[in-house]
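Please consult the sequence and the structure while reading.

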Amino acid sequence: MLFSQARGLPVLTLTEAEEIGVVRSLTVDAASGVVTHVRVRGRHSRKETVLPWGALHAIGPDAVLVRSVAAPAEVPPHHELQGLRILAETGDELGTVQDVAFEPETGRVEAVVGARGEVPADRLLGLGDYALVVRAG
Amino acid sequence: MNELMAARSLTTLPVVTLGGDAVAQVKDTVFDAAAGRVTGFTLSGRGLLSGPLKQSLPWAAVHSLGHDAVMIRDALALQDTSVVVARREAQQGRVLHAKVLTDEGAEVGTVLDVVVEGGTSGRVVGFRIAAGKALVQGSRRRRHRVYVPRGETLAVSGRALVIPADATRYVADDLTAFVARVGAFREERKGTPS
């Protein structure tokens, strides 16, 4: 699944089927290569809810089902991947992030789709304000 | 060989951690006394209104010098400026605008910029100079700027630096052509017994 496909999916609670909002973005931990949090924006209120990956029951093609909407104790800083510059560890730019492919079952990031081809997840080194840093391939 | 870069073009290059955060930008490049190596960078803050930083970046802490960024492991790499650039003024003033002489005593021009190798070596491979008449005979252009290889036997003293005479046969007009010339120059010097 791609981040661009997940974005905008309605998020519902599993037990009450109550819609809490739509997926706004996914937070990635570059070092471990997994999606750690899902950011949900309310449909009417602009309120943003942060859900840890563990609170999700399933990410389907049409909706995301969650077990609990309790906010995690600690929310890591979010770095929006889409449009972020990709920097090789040598200090050379490799374009910008177009999309991210991930496994909806596990949250494992498979690859980052850049303007000049895909970067496999095992080459990701770090993700910060300025860039996504990748190992030279 | 790694990409070559003019030291002046490094100014404003972001300093980025492997974690992806930009912590500073390059203000000046600092060289050792013999102008053979980059020893570090002085830094300024990122953004329009930020001034020079009290901390600098020693070359030992540089992960890689690239075309688009200076990569460092983390922000702990930065050190107090006094550690990195104890004699900065003396060194920089020494190289820029210094006269370039060949070891045969001919003046070939004055130094405009220092060319360094990217990657992890930090080596100075040559200079961009305002060429004198001796070097570019027949040129109609008044201000002729060329690149000359450094050579291993370079001497820096006072306001002049001395390069091997044969280095002047490997001048180039731009950095792209200079890469090939430096390679050829090194090959030839390997062949001559010294």
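Two residues are in contact if their C-beta atoms, placed from the backbone, lie within 7 Å. The model is predicted.

Q: What share of the contacts in chain B with a separation of 6 or more comes from residues 24 or more positions apart?
A: Chain B contains four helices and 14 strands. Among its contacts with a separation of 6 or more, those between residues 24 or more positions apart account for 47%.

Q: Of the 194 residues in chain B, what percentage is buried?
A: A residue is buried if 20 or more other C-beta atoms lie within 10 Å of its own. By this criterion, the buried share of the 194 residues in chain B is 38%.

Q: Which strands of chain B are the edge strands of the open sheet?
A: Seven strands of chain B form an open sheet with mixed pairing, in the order E6-E7-E2-E3-E4-E5-E8. An edge strand of this sheet pairs on one side only. The two that do so in chain B are strand E6 (62-65) and strand E8 (79-80).

Q: Which residue of E7(B) stands opposite Val62(B)?
A: E6(B) and strand E7 (residues 70-72) of chain B are antiparallel and share three bridges. Within E7(B), the residue opposite Val62(B) is Ile72(B).

Q: Which feature does UniProt place at residues 4-73 and 97-165 of chain B?
A: Over residues 4-73 the chain is 6% helix and 54% strand, with the end C-alpha atoms 22 Å apart. For residues 4-73 and 97-165 of chain B, the unreviewed UniProt entry gives the feature "domain: PRC-barrel".

Q: Is Thr12(B) buried or exposed?
A: Thr12(B) has a positive phi of about 80 degrees although it is not a glycine. It lies in the loop between helix H1 (7-10) and strand E2 (14-17) of chain B. Because 10 other C-beta atoms lie within 10 Å and the limit is 12 or fewer, Thr12(B) counts as exposed.

Q: Is Ala17(A) buried or exposed?
A: Ala17(A), in the loop between strand E1 (10-13) and strand E2 (19-29) of chain A, has a positive phi of about 55 degrees although it is not a glycine. Since there are 9 other C-beta atoms within 10 Å, Ala17(A) is exposed.

Q: Which residue is the bridge partner of Arg39(A) in E4(A)?
A: Strand E3 (residues 34-41) and strand E4 (residues 48-52) of chain A pair in the antiparallel sense over five bridges. A hairpin of six residues joins E3(A) to E4(A). The partner of Arg39(A) in E4(A) is Val50(A).

Q: Which element of chain A has the highest mean pLDDT?
A: Chain A averages a pLDDT of 92, and 100% of the residues score at least 70. Among the elements of chain A, the lowest mean is 91, for E4(A), and the highest is 96, for E12(A).

Q: Which elements give two or more residues to the side of chain A that touches chain B?
A: The contact takes 15 residues from chain A and 18 residues from chain B. On the side of chain A, the residues divide into seven nonpolar, four polar and four charged. The elements of chain A giving two or more residues to this side are strand E11 (124-127) and strand E12 (131-134).

Conventions
Residues numbered from 1 in each chain as written. Chains lettered and ligands numbered in written order. Predicted model: local features only at pLDDT ≥ 70, side-chain atom pairs only at ≥ 80, totals over all residues. Pairing = 2+ DSSP bridges. UniProt positions renumbered as here; feature names shortened; annotations may be inferred. Nonpolar A, V, L, I, M, F, W, Y, C, P; charged D, E, K, R; others polar. pLDDT = per-residue confidence, 0-100.
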